[in-house]
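Hi everyone, thanks for making time. I'd like to walk you through one model today, so let's get it up on the screen.

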Amino acid sequence: MHSRPRAADGMVAPVLSLRGIVKTFPGVRALAGVQLDLFPGQVTALIGENGAGKSTIVKVLTGIYQPDEGHILVDGAQTHFPTAQAAGQAGVTAIHQETVLFDEMSVAENIFIGHAPRNRFGLIDRKAMQDRAASILHSIGADLNPAVKLRDLSIASRHLVAIARALSIDARVVIMDEPTAALSHKEIGELYELVEKLKAQGKAILFISHKFDEIFRIADRWTVFRDGQFVGEGLMTEVTEADLVRLMVGRSVDQIYPKRPAQIGQPALTVAGYCHPTEFEDINFTLHAGEILGFYGLIGAGRSEVMQSLFGITKPSRGACRIGDDVRVIRSTAQAVEAGIVYVPEDRGRQGAVKGLPIYQNVTLPSLARTSRAGFLRLAEEFSLAREYTQRLDLRAASLDQDVALLSGGNQQKVVIAKWLATKPRVIILDEPTKGIDIGSKAAVHDFMSELAAQGLAVIMVSSEIPEVVGMSDRVIVMREGRIVAEYQGDEMTPENLVRAAVGINGAAT
Amino acid sequence: MTTATGRHIPDRLTSPASRALKSWEALLLIVAIAIFIVNSMASPYFLDPWNLSDASFNFTEKAMIAFAMAMLVISGEIDLSVGSIMALTSTVMGAAMTAGAGTPTLVALGLGTGLLCGAFNGLLVARFGLPSIVVTIGTMSLFRGISYIVLGDGAYTGYPAGFAWFGQGYVWWVITVELVIFALAALAFGILLHRTNFGRMVYAIGNNATAARFSGIRVDRIRFILFLLTGLMSGIAAICLTSRLGSTRPSIASGFELEVVTIVVLGGVSILGGSGSIIGVVLAALVMGLVTFGLGLLNVPGIVMSIIVGALLIAVIALPRLWSMLSRK
């Protein structure tokens with residue numbers, strides 16, 4: 001399995017190959033001599049934990065980063081991609097997790113921005129642009145009107161526009177970076193069909209995903225990276241899920257949720273009659289020490305909004321909460337932290353770590369009152385606090401003085417969690433704690449949550465992933481359209497019950 | 001860099017000393033020394049201690065405000081009304097002086113007016129969430145407008161003799177009172193920004209205000225305090241300038257805001273917020289002071305001088321960026 005079957009499956013030569021690619025950032029070796037082969041008419045799945053170097057390799061392939069060492073071979077000939085345009089001309093195109101599109105422009109303009117067909121006066125040939133846009137859209141089975149403004153389209157249709165845009169240059173290599181992350185079940189099915197079409201057209205596809213069911217369904221080959229290193233590659237037919245997981249994490253991961261039975265203690269937080277003019281209404285629940293309380297619901301059910309108001313970001317229009325023995329309304333995040341309620345946000349980029357500040361300063365930010373004396377900083381205390389909590393979370397970083405922006409997403413998440421644990425909170429709210437992070441980190445987060453609850457911390461976990469909710473929670477509250485619609489525990493906590501309550505099917509046991 | 005299990009993460013990889021050597025501030029220090037040497041060769045009058053002492057008035061008042069402004073800019077805000085705060089403060093003191101107020105009252109009024117103006121700016125920005133650049137462009141016209149209404153073409157003159165100490169007095173030999181205030185302010189703001197929790201929070205807000213708020217920081221309160229401090233320093237600068245000139249006209253300290261911002265930016269403070277240091281601002285103030293003084297000794301006209309200062313600013317800001325672009329290629 002570790003031998004590279006380049007000659008074995010024979011006749012087909014790779015369209016594009018990377019050899020010995022090294023890319024270093026200050027303090028971090030993102031890629032340490034990796035290789036990758038992409039074959040015409042085949043889907044290669046690139047698998048690896050967060051921080052394995054997947055995003056970096058995509059940027060090397062699309063000309064955004066220049067490798068420090070190594071070769072890029074197109075049809076066996078060595079080449080360079082000094083700019084994104086050069087990569088485009090070589091036929092490499094990428095569909096990103098969040099492609100930048102322009103709301104006020106038409107579908108056709110979005111598809112051809114930067115390389116619109118010209119007429120003989122050098123001006124944009126609108127007719128040709130519309131026709132070509134229509135034909136590309138048709139070829140991927142998306143019959144959208146090219147003249148429609150983008151803002152009038154659904155999220156899924158926008159995604160198709162992004163794909164059409166990627167294909168509007170005559171692509172030979174299509175990179176799909178977590179293409180299904182924002183899609184519904186039906187749309188994912190359509191995407192699979194699209195991938196089949198692209199394969200039939202002989203395009204080489206690099207498919208990056210965390211979802212194993214997806215990889216086994218559409219990929220022909222696999223390549224695994226770990227910590228910036230190439231670990232192995234091969235054919236999907238010759239590998240099992242367990243093999244891949246072992247290669248990814250370098251150990252075998254128990255897929256079973258590590259929820260340990262914890263001693264459920266006194267009520268830590270009681271929320272009574274919380275209301276908000278637009279987002280939620282009449283929220284009542286009690287959270288106990290040692291408990292993991294799951295919050296399930298569809299996107300937009302108001303779960304994050306409730307949590308953010310408990311954390312003092314938005315003020316409730318009515319209601320109060322009891323924390324331990326104090327009844328109070330939290331009016332600011334500072335008050336929430338004082339009361340022992342902390343929140344790990346879903347939007348890590350914007351609300352999580354303070355990029356630009358070093359790791360240790362991020363960790364101590366809410367604990368400065370404790371590490372300082374009379375308002376004056378004490379760096380030794382800060383480093384020791386940061387060291388303690390980053391080690392507990394198994395953070396991977398070059399030094400504690402390193403800018404947190406240089407860390408991978410999963411490690412930034414660890415810094416945020418370390419920051420909150422260092423405040424010794426009573427209640428920790430985790431909003432989609434494992435969204436978009438790989439299987440190894442996921443297990444680590446789950447294990448850690450379980451440990452926290454066992455130590456008597458009250459945990460709220462907002463999650464849209466049913467196995468996670470069912471596997472980790474002692475009790476689950478389901479929200480729909482800003483209201484609590486159901487609560488389950490024990491044997492009633494089944495996937496079927498949760499989904500029925502979340503979508504509002506009658507007959508769900510309440 | 002292999003990662004072992006148990007993962008011990010070192011505190012630092014580069015020592016603070018080696019970092020300081022490669023810093024912006026080190027470059028500024030070299031520039032300041034170079035200008036000093038060039039000036040002393042260009043004019044025989046430059047190295048005279050009394051001339052240098054007189055020349056320090058070129059920057060002391062602006063630099064006092066620049067320290068507070070640096071913190072404001074690091075937090076991601078700006079205050080363009082500082083020159084106008086000085087005008088209004090000076091006018092209030094002038095009016096009180098004609099009503100017979102003594103030096104202590106004048107100083108108290110000066111500080112109070114500065115604080116009130118800062119509080120007004122801070123309220124609009126921190127409480128009502130308005131963008132600071134818009135708010136302070138507004139108050140820039142507002143504060144100075146009040147001075148014009150009160151004074152018209154006139155002026156307040158005849159400040160008490162004791163009041164002259166702030167702008168004209170000497171503490172020891174050639175060391176002026178303003179120079180001492182400048183040094184104390186540099187020390188106080190240096191400690192506040194670099195050695196206290198407050199300063200740390202200012203950096204956090206400047207790098208990502210949303211994440212700072214999500215870390216339990218009272219972002220609005222800190223922003224308000226920063227405007228208050230800028231107002232206070234403008235008040236102190238107004239006391240010094242009024243005392244030095246011995247009179248108040250409504251056009252007093254006009255254009256100060258841009259010179260203050262110039263010192264701040266030259267000092268290496270990112271105009272986008274999030275980084276910068278007080279030592280950089282001190283050095284930038286010295287560089288500006290030395291350049292204007294040197295050019296003055298050579299009888300360079302004021303208009304040419306402003307061209308040179310502008311070119312210097314662009315050159316010092318652009319060169320490191322050009323350098324890093326070229327070395328990346």
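Predicted model: local features only at pLDDT ≥ 70, side-chain atom pairs only at ≥ 80, totals over all residues.

Okay, chain B. Have a look at helix H13, residues 256-266, and helix H14, residues 278-297: the two pack at an angle of about 120°, with their axes 7 Å apart. That angle makes H13(B) oblique to H14(B), and the crossing is right-handed. So who's touching whom? On the H13(B) side we've got B:Ile263, B:Val264 and B:Leu266, and they meet B:Val281, B:Ala284, B:Ala285, B:Val287 and B:Met288 of H14(B). If you sort that contact by class, you get 8 nonpolar residues, no polar ones and no charged ones.

Staying in chain B, here's helix H7, residues 132-151. H7(B) has 20 residues and reaches 28 Å from first C-alpha to last, close to the 28 Å expected. Its buried residues include B:Phe143, B:Met140 and B:Leu151, but also B:Arg144. What do the buried residues of H7(B) pack against? Helix H5, helix H6 and our friend H13, again of chain B.

Last bit: the two chains together. Here 39 residues of chain A are in contact with 27 of chain B. On the chain A side, helices H10 (333-339), H11 (348-352) and H14 (379-392) each supply at least two of the touching residues. By class, that side of chain A divides into 18 nonpolar, 12 polar and 9 charged residues.

That's my tour, thanks.

Technical notes. Residues numbered from 1 in each chain as written. Chains lettered and ligands numbered in written order. Axes fitted to C-alpha atoms, helices over the stretch in contact; angles between N-to-C directions. Helix = DSSP H or I, 4+ residues; strand = E, 2+ residues; numbered from the N terminus. Parallel < 35°, antiparallel > 145°, perpendicular 65-115°, else oblique. Left-handed = near helix turned anticlockwise from the far one by under 90°. Contact = placed C-beta atoms within 7 Å. Nonpolar A, V, L, I, M, F, W, Y, C, P; charged D, E, K, R; others polar. Expected span 1.5 Å × (residues − 1). Buried ≥ 20, exposed ≤ 12 C-beta atoms within 10 Å, placed from the backbone.
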